[in-house]
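Welcome, and please open the model in your viewer. We will go from stop to stop, with something to select at each one.

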Amino acid sequence: MLYSYFKIAFRNLIKNKGYTFINIAGLAAGMAVALLIGLWIWDELTFNQYHKNYDRLAQVWQHNMYNGVKRSQVSNPYVMAEEIRNNYGSDFKYVLQSTWNFGRILTIEEKKFNKSGMYWEPQVIDMLSIKLLRGDPDQALKDPYSIVLSESVAKAYFDDADPMGQTIRINNKNDVKVTGVYEDMPHSSKFREMSWIMPWDLYLIENEWIKSMNDPWGSNFTQTWAQLAENADMELVSAKIIDVKLNKVDEGGRRYKPEVFLHPMSKWHLYSGFKEGRNVGGRIEFVWMFGIIGVFVLLLACINFMNLSTARSEKRAKEVGIRKSIGSMRSQLINQFFSESIVVAALAFIVSLGLVYLALPAFNEVAGKKLTLLWASPMFWLVGLGFSLFTGIIAGSYPALYLSSFQPVKVLKGTFRVGRLASMPRKILVVLQFTVSVILIIGTIVVFRQIQFAKDRPIGYDRNGLINVYLPTPDIHNHFEAVRNELKSQGAIVEMTEAGSPTTQVWNSNGGFNWAGKDPALAVDFPNNGVNHEFGKTVGWKFKAGRDFSREHVSDSLAFVINEAAAKFLGLENPVGETLTWNETPYTIIGIIEDMIIESPYEPVRASLWHIDRYDNVNLAILKLNPDMSSHEALDKIKTVFTRYNPESPFSYEFVDTEYARKFSDEERIGKLASFFAVLAIFISCLGIFGLASFVAEQRTKEIGIRKVMGASVVNLWGMLSKDFVILVGISLLVAMPLAWYFMSNWLQKYQYRSDMAWWIFAAAGVGALLITLLTVSYQSIKAAMANPVNGLRSE
């Protein structure tokens with residue numbers, strides 16, 4: 001019986017090649033979208049699960065009251081891990097301290113590369129289940145002067161030679177020995193960019209000032225990680241350690257009301273957002289959004305199948321009548337129609353695999369992923385089979401139930417006619433198709449408009465021709481004046497400066513500030529940047545009041561330039577000339593600049609300060625290229641000079657424009673993916689309308705012939721055939737526009753600096769949808785209108 005069902009199904013599909021092609025193409029496009037989104041969602045949901053202890057790993061975070069707002073931070077005092085181990089050891093297997101992921105110059109003979117990695121306590125290899133290819137995991141990080149390399153870095157330095165025991169010079173300062181090589185972390189791991197691991201003890205040796213700090217709890221500059229004991233509960237343990245820091249800080253530190261808590265690894269990727277001390281989500285919103293889009297795009301493809309199958313009901317009516325009259329039961333007919341839909345879905349699935357294979361490289365580029373089809377996985381094929389069956393059943397459900405309900409007597413007597421209401425479900429489905437498509441179009445426009453709105457926001461400085469050169473060693477800093485003067489004399493740069501932080505990130509913030517009229521109970525924390533006197537001239541910041549730093553004013557070593565946000569926060573009537581005390585040292589405010597966009601371009605600018613660096617805490621040089629010289633020539637000159645003064649470090653730079661553009665990467669990625677899915681949704685909807693228009697034109701051939709004989713013009717007939725589809729799209733616009741406004745308004749609410757929902761967005765989406773519909777329908781309408789009426793009337 002099954003063989004018979006599928007044999008007849010294939011015959012019907014081959015007999016109606018045009019409709020079969022439309023059905024398979026539409027379903028294949030919808031299934032391809034669903035597969036791509038499914039792969040993306042799977043990668044998101046399984047992020048970090050490479051680490052075997054995934055369910056028991058956590059990162060130690062803090063909540064603090066800064067400037068009257070509860071803020072969450074991942075940085076901790078360097079003694080945090082030791083304190084938790086000493087007081088709550090039974091709840092943890094490991095509590096480890098580490099640095100951030102940052103660059104070090106690794107030198108072996110003539111090979112010099114700037115590679116990023118982290119300093120860790122020795123148990124990290126077991127805690128993160130790092131797979132050592134060489135070395136003993138228990139001994140690899142015991143010696144302070146040791147290093148464990150990733151497989152790719154070991155390959156870059158040693159090719160196929162054995163790296164074990166080889167010596168590497170770090171930042172032209174310390175020599176360490178290779179004691180292990182580990183498998184590269186997958187792209188779906190938080191630690192994928194960690195290309196080396198060195199001992200925490202070496203970090204303390206390199207930075208002797210750390211252990212000599214008067215108040216080890218007063219500075220947050222490291223990270224803390226934990227693995228819970230086997231039977232420990234994450235929430236209960238998190239509640240236990242809440243006052244770890246509060247119990248150690250002095251009276252000034254208590255004003256920040258620190259609360260320590262555990263953020264589980266299962267939430268690092270998808271639930272990374274915090275607002276006023278609450279975990280408010282993160283990428284999980286994108287997972288839900290794209291999941292819903294995938295379901296709806298697949299539904300659009302299924303609707304095409306339903307519409308075309310039911311539209312051709314009169315052509316299948318006699319088949320149903322004859323089958324019923326010779327004894328076929330309704331259940332058998334339902335099975336027959338389901339077999340057809342499952343065959344179409346299976347063929348569409350095969351086509352969709354080819355489409356996904358071709359689209360994956362471009363999709364990965366846009367999505368920032370490394371997704372692959374799991375050809376060798378039995379589970380993949382099992383899921384694919386279930387996916388095809390599910391799609392076939394969904395697509396074939398309505399046609400099977402509808403077609404199998406025909407009465408054989410009426411059909412065989414020739415009195416069966418599809419009533420006017422029979423087309424109502426098809427019309428509703430077409431409206432649903434275009435409603436979804438229009439919502440996606442409007443959503444895409446809103447996303448890109450929000451990105452452009454943020455890009456057009458004044459940033460408070462001139463980033464054109466500005467480059468950052470990070471300084472892992474002090475050589476350039478020690479010869480700053482010589483380097484600056486030589487580059488200026490060669491015409492390569494306009495100006496050059498040094499800073500503790502770049503113009504695109506906050507690397508340092510501090511408390512301990514007081515000023516006239518400040519509330520004694522207010523705990524403040526201001527981002528601040530130690531710079532030299534040429535900083536303002538280099539970046540081109542813009543003054544609202546006061547003046548810039550100047551070498552002519554010796555007192556500027558104890559001076560602040562503040563931004564507008566800081567001037568407003570201080571509440572001083574005229575801040576220029578006022579005194580701002582920092583850790584009991586008085587500083588004079590000498591200037592107020594326009595707010596510089598350093599952090600998120602979608603959020604308000606924080607109150608920030610700049611001061612002259614007095615402790616050689618600079619991390620990078622910032623150079624303004626000469627616009628009268630080509631960038632290539634200027635960079636060659638800069639490289640030559642930098643290499644001469646710092647021969648042990650490879651010269652590397654980055655344009656500030658490029659760094660700033662990364663702030664928009666998530667939103668741009670969402671916009672590109674949404675536009676990709678919107679185009680496919682429109683394509684699928686148009687395929688359906690094209691098929692329906694073709695059927696309607698075929699069904700009304702005699703009517704068109706009579707009207708033509710009676711004098712109707714091609715334009716009249718085109719209007720008659722197009723009118724119904726335009727009305728349906730018009731109805732879909734009335735439904736889609738308020739829904740799109742509601743969803744996108746809610747999406748915009750998460751940005752404090754956001755664009756509005758302009759009327760032209762809806763007008764453009766509406767006009768676009770109508771034009772696309774007319775273009776799709778017009779081919780069949782004009783073809784039918786221009787046909788010879790004799791051919792349509794000959795059978796009468």
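In which strand is the place of Thr581? Select Thr581 and you land in strand β22, residues 579–582. Helices (H or I, at least four residues) and strands (E, at least two) are DSSP runs, numbered from the N terminus.

Before moving on, a word on what you are looking at. This is a predicted model, in which local features need pLDDT of at least 70 and side-chain atom pairs count only at pLDDT 80 or more, while totals for chains, interfaces and linings use all residues. Residues are numbered from 1 along each chain as its sequence is written, and side-chain values use heavy atoms, with hydrogens and water left out.

**Around Thr581**

Setting aside neighbours within four places in sequence, Thr581 is in contact (heavy atoms within 4.5 Å) with Gly512, Phe513, Asn514 and Pro586. Thr581 is partly exposed, with a relative accessible area of 21%; buried means under 20%, exposed over 50%, and partly exposed in between, using a 1.4 Å probe and protein chains only.

**Two loops**

Next, pick Asn67, in the loop between β1 (57–66) and β2 (69–73). Its phi is near 55°, a positive value in a residue other than glycine. Most residues other than glycine have a negative phi. Then jump to Asn172, in the loop between β8 (167–170) and β9 (174–182). The phi of Asn172 is also positive, near 55°, and Asn172 is partly exposed, at 36% relative accessible area.

Now select residues 714–748, helix α24. This helix of 35 residues reaches 47 Å from its first C-alpha to its last, close to the 51 Å expected at 1.5 Å a residue (that is, 1.5 Å times one less than the number of residues).

Show α15 (residues 424–455) as well: the axes of α15 and α24 come within 7 Å and cross at roughly 40°. Here axes are lines fitted to C-alpha atoms, for helices over the stretch in contact, and angles run from 0 to 180 degrees between N-to-C directions.

**A last stop**

Finish at Thr773, in helix α25 (residues 759–786). Is Thr773 buried or exposed? Thr773 is buried, with a relative accessible area of 0%. Not counting residues up to four places away in sequence, Thr773 touches Phe434, Ile689, Phe725 and Val729.
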